[in-house]
Amino acid sequence: MEAISPSKTLMSFTVLFMALCIFPQINAHPPHINGSKTRHYKFNIEMKNVTRLCHTKSMVTVNGKFPGPSIFAREGDRLLIEVVNNVQHNISIHWHGIRQLRSGWADGPAYITQCPIQTGNSYVYNFTVIGQRGTLFWHAHISWLRATVYGPLIIHPKLGDNYPFTKPYKEIPLIFGEWYNGDPEEIIKQALQTGGGPNVSNAYTINGFPGPLNNCSAKDDTLKVRVIPGKTYLLRVINAALNEDLFFSIANHSLIVVEADAVYVKPFRADTVLITPGQTTNLLLKTKSRFPRANFFMAASPYITGTGKFGNSTVAGILEYGNPGRKFPVFKPTLPALNDTVFATDFASKLRSLATREFPANVPVKIDRRFFFTIGLGTTPCDRANATCKGPKGAKFSASVNNVSFVRPNTALLQSHYTGKSRGVYGSDFPVYPTRWFNYTGTPPNNTVVGKGTRVEVLPFGAGVELILQDTSILGAESHPLHLHGFNFFVVGRGFGNFDPENDPKNYNLVDPVERNTVAVPSGGWASIRFLADNPGVWFMHCHFEAHASWGLEMAWLVLDGKLPYQKMLPPPKDLPKC
């Protein structure tokens with residue numbers, strides 16, 4: 001990407017300033033960022049009154065913004081982000097997709113790599129962006145606070161490096177979320193107490209706004225993005241929603257997919273894209289060559305595979321050409337059906353790594369450790385005396401990996417590991433294979449009860465890992481977006497039904513599989529991923545549906561130090577929060 005001249009910088013800044021004044025919540029990229037330096041940010045966690053859908057509520061925000069501020073960096077930069085907690089909730093922030101090489105203390109999940117930041121305290125997240133560029137995001141990683149505490153994390157290439165696609169005229173972040181008229185913290189608290197499913201959100205949002213297709217949506221509740229004809233825009237699309245995969249499309253426009261989870265992919269054209277919670281996708285949008293005398297909805301609706309409650313609504317922003325004061329017809333895209341698994345499967349199959357000399361696909365070929373993890377919902381007995389709970393058969397909803405429903409400890413796993421004080425905090429005997437064998441995607445078993453525990457899987461440094469993630473139909477098959485902290489992985493295979501260890505590996509793609517940090521395990525199917533355990537520390541892996549994570553669809557990997565100095569964890573920072 002060539003350097004920007006001062007005159008172009010001034011012009012770009014002027015255009016950006018006008019856009020920010022006119023259009024709500026468009027945090028377009030700064031006109032100029034110097035490379036390879038230390039960047040400082042400050043996050044004040046504070047309450048703010050926000051109104052959407054005729055409801056005003058006080059909610060947790062960063063710097064009073066919803067969504068929160070954008071973080072900008074270049075590959076190779078060091079980031080120092082001070083988080084000051086001014087609210088009554090404990091807080092921690094996760095920098096989703098950042099590999100955190102040897103800097104696990106800055107990863108952010110509460111009680112995994114750190115104790116949360118308590119009221120009145122602060123913590124500086126200190127990490128360097130190594131070998132990464134693209135669109136990521138940050139979000140709270142404790143309870144359901146990420147419903148309102150999230151924002152883009154945009155990493156530009158090093159100065160002098162080019163994108164492997166057409167240089168965009170402008171970059172526009174689009175971040176999806178969910179709006180609750182009530183308090184999400186109270187919603188999940190009540191659900192966990194009663195054992196039932198949590199209430200669904202009242203609307204999906206784009207850059208914090210539900211758009212005009214929702215009831216009681218005010219005029220200024222709609223994101224408007226003004227474009228000019230004949231230009232190429234880079235849309236940085238992020239799904240920060242709590243519990244739903246989303247289809248996204250722009251009426252009468254085609255998109256070109258060029259990146260997934262901050263890794264370049266072979267470009268392909270798509271009228272609609274699918275993005276799960278925890279995933280990001282970069283899209284090139286070529287605007288029409290002439291003023292079309294029309295505007296166009298940028299719309300998103302849910303992809304649903306489970307049998308539980310979901311929000312059946314559509315969020316929309318408006319892509320505007322020309323003078324916003326003039327009234328033009330607005331066209332609406334045709335989105336896939338709620339349960340269009342055929343589309344979902346086809347879209348996933350098109351995602352391939354560039355696999356070039358400059359951007360290789362370094363798929364682990366030598367596999368040292370193989371794992372088979374079943375994932376899905378289950379139950380735990382009702383713990384309310386002389387009462388029934390609101391989950392299946394009077395029990396409580398639960399979720400598990402290999403029949404182990406994760407229990408958050410009272411202190412951070414990473415600190416316990418580093419200080420050698422793990423006894424009573426976690427066990428290192430996480431099951432390599434399911435503890436119960438059954439027809440995973442067939443008739444559900446009668447026994448739906450899952451076990452509980454805080455158990456990790458230990459990996460030697462440098463191990464090549466292959467992991468099969470198998471969906472189960474215990475309480476109904478469902479797609480699960482599995483996110484792995486600390487690593488990118490290659491999705492070498494996907495399929496439906498039960499994984500066949502004899503035949504399915506024969507169809508693995510070991511040449512150019514997509515590389516990402518969050519994979520959608522197919523409903524009633526499986527996904528096979530490979531990664532290299534080259535990052536010492538404790539790394540969380542969990543479903544990015546917040547309801548499933550709250551029920552225990554989580555586990556952790558413990559990667560031991562290597563022999564060489566640069567293969568060992570760095571010591572904890574002095575301001576590491578205490579439990």
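**Disulfides, a mixed sheet and aromatic contacts**

Cys-115 and Cys-579 form a disulfide (a pair of cysteine sulfur atoms within 2.5 Å), with their sulfur atoms 1.9 Å apart. The pair links distant parts of the chain, 464 residues apart: Cys-115 lies in the loop between strand 5 (93–96) and strand 6 (122–128), and Cys-579 in the segment after strand 33 (554–559). Strands (E, at least two residues) are DSSP runs, numbered from the N terminus. The torsion about the S-S bond of Cys-115 and Cys-579 is about -95°, so this disulfide is left-handed. Cys-115 is buried, with a relative accessible area of 1%, whereas Cys-579, at 48%, counts as partly exposed. Buried means under 20% relative accessible area, exposed over 50% and partly exposed in between, with a 1.4 Å probe and protein chains only.

The model is predicted, so that local features need pLDDT of at least 70 and side-chain atom pairs count only at pLDDT 80 or more, while totals for chains, interfaces and linings use all residues. Residues are numbered from 1 along each chain as its sequence is written, and side-chain values use heavy atoms, with hydrogens and water left out.

A search of the whole structure finds 3 disulfides. In another of these, the sulfur atoms of Cys-54 and Cys-216 are 1.4 Å apart. Cys-54 lies in the loop between strand 1 (38–52) and strand 2 (55–62) and Cys-216 in the loop between strand 10 and strand 11 (224–227), so the pair ties together parts that are 162 residues apart in sequence. The link of Cys-54 and Cys-216 is left-handed, with -80° about the S-S bond. Cys-54 is exposed at 54% relative accessible area, and Cys-216 is partly exposed at 41%. A disulfide also joins Cys-382 to Cys-389, with an S to S distance of 2.1 Å; this link is right-handed, with 70° about the S-S bond. When the bonded cysteines of the protein chain are numbered in sequence order, the pairing is 1-3, 2-6, 4-5.

An open sheet of 6 strands has the order 10-9-12-17-14-15, with mixed pairing. Two strands pair if DSSP finds at least two bridges between them. Strand 10 (203–206) and strand 15 (263–270) stand at the edges, each with a single partner strand, so one side of each is left without a neighbour in the sheet. Strand 9 (residues 170–179) runs antiparallel to strand 10 and is joined to it by 4 bridges, with Glu-178 opposite Tyr-204. From strand 10, Ala-203 and Thr-205 point one way and Tyr-204 and Ile-206 the other way, and all are buried. Strand 12 (residues 232–239) and strand 17 (residues 280–286) are also antiparallel, joined by 7 bridges, and Arg-236 stands opposite Asn-282 in strand 17.

Rings of Phe, Tyr and Trp (its six-membered ring) pair if their centres lie within 6.5 Å; planes under 30 degrees apart count as stacked, over 60 as edge-to-face and the rest as tilted. By this rule the count comes to 36 aromatic pairs. Phe-438 and Tyr-440 form an edge-to-face pair, at 4.9 Å centre to centre and 70° between the planes. The rings of Phe-487 and Phe-531 have their centres 5.2 Å apart and their planes at 45°, so the pair is tilted.
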